[in-house]
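Here are my notes on the model. Please read them with the structure open.

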Amino acid sequence: MRSMKLKLLFLIVFVLFATHSFSQESISLKVEDVALVNVFKTIEEESDYRFYYSDDLVDLNKSISMDVKDVDIRLVVAELELQTDLSFRLMEDRLIVVLPSDVPLLPAVVTGKITSANDRYGLPGVTVVVLGTTDGVITDGNGQYMIEVPDKYAVLTFRYVGFQSQEVPLNGRINVDLELAEDIMAIEEVIVTALSIERDKNSLGYSITQVGSDELNSVKENNPINSLAGKVAGLQISSTPTGVDGSTRVILRGVASLSSGNRPLIVVDGIPVDGGTYGNAGIGGGKDMGDALSDINPEDIESMSVLKGAGAAAAYGSRGSNGVILITTKSGTKRKGLGVTFNSSYILESVSTYPQLQSKYGQGAFGQHPTEVTADMAAIKGEEPWIWSWGRPMEGQTLPDWLDNPIPYTAEPNPFGKFYRTGSNLMNTLALDGGNDITTMRASITFQNGKGIYPTNDMNKQTINLRSTTKVGKRVEVDGKFTYIHNKVENRPYVSEDVASSSWAFSILPRDVSLQSLEDNYVDENGIEQWGWDRTLGNIYWSLKNKQNSDEKHRMQGLLSINYDISERFDLLVRSGLDYTNRNSMEYATQGSRVNSNYNGRYSNGMDNRLEMNSDFLISYREDLSENLNLYLNLGGNHRYQQYKSINQWGDTWKVPDFFHISNIENYYTGQYFNEKEVLSLYGLGTLTYANWAYLDFTYRNDWSSTLPAESNSYNFYSGNLSLVFTELFEINPSILSLGKLRGSYARVGNDTGPYQTQNYYSVWQTQWPYPVGSMSGRLAFADFKPEITSSWELGANLGFLKNRINLDFAYYNSISENQIMDVKLAPSSGFDNIKQNAGAIRNNGFEALISATPVTSVKGFAWDVSLNFSRNKSMVESLAEGEDRKVLATAINGMVLVEVRPGEPFGSIYGRDYIRDENGNKLIDDNGRALQGEVQNLGDINPDLIGGLANHFSYKGFNLSFLIDFQLGGEFYSHSQLYRDLFGTSVESLEGRDEWYSTHEGLFHSQTIPGVIPKGYVEEGVNVNTGQANDIAQQPMLRNVNVIWFDRIVSDYILDASNVRMREIVLGYNLPRSILDKTPFEDINISLVGRNLFFFYNAAVHVDPESGYNASSIGNAIEATALPATRSYGVSVTVNF
Amino acid sequence: MKSKKYNKFEIKSVLVLLLTMAMFSSCDERWEEMNTDPNQLSSLSDEYLFTNAVRQTFRDQFERFDIDFGGQFAHIWISNSWNREADKYNDIQSQGDIYERVFHGVYNGPIRNIVEVMQMTGPGGDFENSARYAQASIIGTLNFSRLTDFFGDIPYFEGGMGKYDILKPVYDEQEVIYSDMVSRLEDAISVLKAASDTEIYSSAEDPLFAGDRDNWISFANSLRLRLAMHARFADPGTYNDVITECLGEVLIEENSQNVKLDMEDSNNTSLYNPWHAKIIDYQASLYTLNWSAKFIDALKDTNDPRLAFFATKNSSDEYVGMPNGLADTYYSGWSRANSSLATEAFLAKDQPMYLMAASEIYFLRAEAALFGLGSGDANTLYQTGIEMAMDQWSIEDSLVTKYLSEEAEASLFGDQENSFRQIATQLWISFVPTTFEGWTTIRRTGYPVIEQRTSDMYSQGVTDGYMPTRLKYPFTVEASVNGANQQAAIENMGGNKIDLPLWWDVR
């Protein structure tokens, strides 16, 4: 800790002895008999002073003579007052108001209406302030305002986000109506940056994207992060279809760490909150327990800022290495009376993309029905390959079904289209807000009721949010917030290869088996599950009725922040926040199923608590070092404490049927877990601004973490960012280039590790075996941790053309993450599996571009905005631990498909076996018509070549229409479900060659041939390895697939292109016109029709949505393993203000 | 230019704040406590790991040893379709690196724990105790011997020592390993003989013999005999003497002395026999195992009363074994439903798991006598072995007597070679379900004869149709992390093929 004290000392010295200079503009003026107006103009040209006067002043043409050199403006003004009958009022920002000296200066009330220059509607919420004072009001719902002024020569300023601010000298008037013009550039100008500091976007040397509530909120998503999809360059978002409240994979600028989840840090109103996942499905099955992101209520969000690179996030130290998403929630506004907002949205959800299945051939193998092997269907029910769909054509002939009942043998409709219901999401929010000069308050309550497409999957969620700010005296402002979230989800669907996975079942169910027969016969006369065989699959109706789960979450977030305005130069912010989540989950299967519950039934329930507390202080110091050079310094500290606690109980074998309680379980086990972690940080942030064109930022942060060894628990991060607005520097004609900015950034941030990694432990087993049992972990401790370090640099430019009607924003970045804290595999012969170590490096580089334009704005109020963003990230593994040539991150189908990292290859490369091919890529075929088996090789990787979104927004009078198309080009994934559909003969692709084979081989066993008949069937495309001629030898279609998939383990056909272009979002909104609303108590009514994920323009993978990864982890998109079908949603949203 | 002074108020406020921050410091001690895992222990006494090592030796390895490889190579049974590469004599595994699963299972299971017990109880250890060290050494030897009989050269002296900074263990020659194992067992026997009953693991800590020191001695000596018999053809000079030594010491003589782990008839999966869980609970209709035609025929031809205990009859009321090594097309057409499966009795939840039984020792003694080692009559020992083997499965006495009196194969006959065949064949049967030892018997003795596969009906694999004699080394993690040492072993052994004979496999 000695180094910490030294640093403190240094900082104290630095703060106390920083010097500054202050200069005032002086004026030189030499005029002889010049009209007063021209004197004004001369002064305005020579200096930054501006005069405000009313044209009807009689003295304007009065002759003036003066000769002064380097004097204070006050002297000049005094001289002018002597020579005229006017008086002059010096305001801040070098404004000089000219007023007749003979009028009495009495307080007055000014009224008026502010409208939008665009559509002439009143603008509510415009801030009207008397210049030089803090007195201000806000316009009401109609844009009307009323303000008390000290006199009729005061200057009013009108400010509204997204519009150009105006200063209007009253010049004696008491009614000022004003049209505010939309400020095209200003929409993004003020940005919330790290530590919630609001900054002018031009001053930033790094890339940051802010998305406002209107863009986020139009289509209600349970998880508001999903609304960012396609809107932010460099941000990859995929929400796997795993039911209501499923989790979302969020990756910013590529994967940087092999060990952590690579999810960006989520900060709400300055307080970091839990944004992790609660447990994901694996390839073998399970369910998606959702993530902590979905607790953020979309209705309470004011804006989200995405801090992409390390430069933007350096102030967050070890947690910022994957970027940060800053969420600012709504707070109360100063207004007359109480504002009430009611929003109701009802969104329906229905299946959109699901596998297409063949409808010609039914259960069986080799073109035979199972009864041709044995008369007893029951005997063969579970025996492969007889449960596949390689049987006879279904032509209505009478054959025994799976229950041995003779029925007409016909194809069943695609179960994907039949089984799932139309889901829905009803969300109602009531928000109250109000405030006066001292206190503002906002309270909201949201009720949400979601129904998933899986028939029993429901969610109920309530969110209560209270926010209030109040001033205590002149110097202190207190800001408090409390949020409570209650969320209960029932029957999260089982996915992947789970025995209870509906989607898996429908991929491989024989094509003649009807859902109705499964539902009617899900148990036999003994109450035992029917159709269950082996570990592959149960009867989906048994699972639907007898295997249930539910979970319930209570989450509380609190925030108290005190801002102390010590002096003009010093501000102090002290803030403390907590995030506490309590979760309960339960799952059971009744007795009566072999595959689901080992006949005897299973039960588990558990509870966990997560706590994170953060306390901060932040001292801000600002000083004008010279006229053009300004310094803004922040010095802060953070104390973070995280705790996780859980208890679980589980077991099997029910004693009494249908009583789902642990007391009713015969073999029971319990578990308990606790961990905690503390991190202390000190940081400094500084900004130097020169004139209005150069900005230099620097940050330094030191963290001390309880999880690292005592000798090396201190580590630091720093960044420097530079922004140059060259259009200001070179005074470039704004009609050519209205904005030109270059920016650059360098940063070094790091990452620590979890608790308890630095020593080896023994554990004791809870077992009913009557002997003491203990064990040692297979992971060896590693005492010499260093933090993971990501160093990155970034260059970017912003260009604005045609008065910023066209804007370009471009960024290139390059980052390397070294000293990865990862599990390094040990030789099994050492007796241990792995050791945590610092090893390996991953480099990410890429670019991001945003082009936005307003092609049309007409006086009549029609406007069209369009923006296109796209980005490319290359994620390259530079090295792994010494001696490690690869690291397997995930495997599927017994290691036939491996998701790996290897030095020199992209992160998340997919390995598997290909065919042997000639130099032209043709498969080589042997004399039996069989393709030759090649080597295991890199078949693709998960990283897209390009992702992006195209957004269009049209508005006309009260209507607005926007739509967002997003796209991904390149990137691959392995489709596990398609492989199984081809193996089981259920896919449309499996039809190839079947009719032909059947025509020559009907009724024959697979290996038999008919003398003189040349067999037809599946003809592998390729060239004969001996003759070089195109292959024309046919194979039995089922054996072809079994050989390729099962015996030759060739998986290259199932590595699919993830490219897709989809209609992500459409919103058609209408604001009811004032003429109607004026007769009602309502201030605003907006009705929107919304749609999300409506359809694909292009989807290379055809049968599945490429976003259907198996979970939300870093490599979750590498493997598609039968999540639920993808869905589209559409509905209506109504917002009423009064 | 002029400079502004800071007022007292500003200075005070900032100072107070900075002092508050300074209170952040001095948290090192608290943090050391905070970063100590409360869910686990920093120290634990040895019996916890000893019982676990014993448990893992039995419960955790059978699937790899006896289902995946041993049983299929030994022609005792055929596994299900996706586990049949071994049966097809193939050396690439559709299930990934199954060789590493064998390796990993042993090193990261019983060996990790037993090595730690030996560190704890060895000289200078936290729980120094030479008797317990000897017991741990026996369990360790049992595991290492099974592993070397799978692969040949393996990391032995440095194996499982990762916690003691040996992360890349050197491979040792099988000949050296055998020599050390035999002398370790010798040491263990003499330590246990001299030890008191209170020093060894007590009945509450000893799942094998409930604290019976004599049984541990007979176990160690029987294991020593087994190893010496393995090695006797490779180095008769050394091992014939060892065999003679062993025959002069106490050996397992009764089934009550068998090296077995008792199982319970319970609903609790962790207490009952995992074979039951593996075959009856989870894979019911999947035919995890079909009895091999070779095995069924051997029992059927000799009217062996164990047949009804092991195998079910098919729907035609017959015992039908499935041929080993069917080529894929023939395999798909084979109706597994019409072949004999394992019986419920054989797979009963409370059926103990065996690693050594009295029958084996009698057969080994018969073999020794046949070749002129030790004393005793080969035929008497052979027949006692058969009685013991049948008694192990509670075959009715009358059936045993009938078998012994009526079946030609129940008495040794013919020349030494024929008697040797008979003994080896009975060993092969007696090892069921520990079929790995059955395969070792075939490798060591050449009996029962496994013919070369020549017909198109059978897969010839990578061995030209000959039964594999070892496993390849793991080709994934062990190969990449400990590659240099593995490569040295491959060079020492003259290759890395599954038909390469081990050092002791010279017959």
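1. B:Asp391 sits in helix α15 (residues 378-392) of chain B; helices are DSSP runs of H or I with at least four residues, strands runs of E with at least two, numbered from the N terminus. B:Asp391 is partly exposed because its relative accessibility is 43%. Buried means under 20% relative accessible area, exposed over 50%, and partly exposed in between (1.4 Å probe, protein chains only). B:Asp391 belongs to a negatively charged surface patch with B:Glu254, B:Glu387, B:Glu396 and B:Asp397. Patch members have over 30% relative accessible area and no salt bridge; like charges are joined within 9 Å, nonpolar side chains (Val, Leu, Ile, Met, Phe, Trp, Tyr) within 5 Å.

2. On provenance: this is a predicted model, where local features need pLDDT of at least 70 and side-chain atom pairs pLDDT 80 or more, while totals for chains, interfaces and linings use all residues. Residues are numbered from 1 along each chain as its sequence is written, chains are lettered from A and ligands numbered from 1 in the order in which they are written, and side-chain values use heavy atoms, without hydrogens and water.

3. Chain B has 20 helices and 4 strands. Its C-alpha trace spans about 120 × 60 × 50 Å along the principal axes. Of its 507 residues, 63% are buried.

4. Two salt bridges in chain B deserve a look; the criterion is a side-chain nitrogen of Lys or Arg within 4 Å of a carboxyl oxygen of Asp or Glu. B:Arg64 and B:Asp68 pair at 2.7 Å, N to O. Both lie in helix α4 (residues 62-73) of chain B, 4 residues apart, about one turn of the helix. B:Arg146 pairs with B:Glu437, with closest N and O atoms 4.0 Å apart. B:Arg146 is in α6 (residues 130-151) of chain B and B:Glu437 in α18 (residues 435-445) of chain B, so this bridge ties together parts 291 residues apart in sequence. B:Arg146 and B:Glu437 are both buried.

5. Which side of helix α3 (residues 73-83) of chain A is buried? A:Ile73, A:Val76, A:Val77 and A:Leu80 are the buried residues. They share one side of α3(A) because they cover an arc of only 95° around the axis, taken from the directions from the helix axis to the C-beta atoms. On the other side, A:Arg74, A:Leu75 and A:Leu82 are exposed.

6. A nonpolar surface patch of about 630 Å² in chain A includes A:Tyr346, A:Phe959 and A:Val1132. Strands β52 (959-969) and β59 (1084-1099) of chain A each give two or more residues to this patch.

Methods:
Accessible areas come from the Shrake-Rupley method with a 1.4 Å probe; for residues, only the protein chains shown count as cover. Lys and Arg count as positive and Asp and Glu as negative; His and the chain ends are not counted. The place of a charge is taken as NZ of Lys, CZ of Arg, CG of Asp or CD of Glu.
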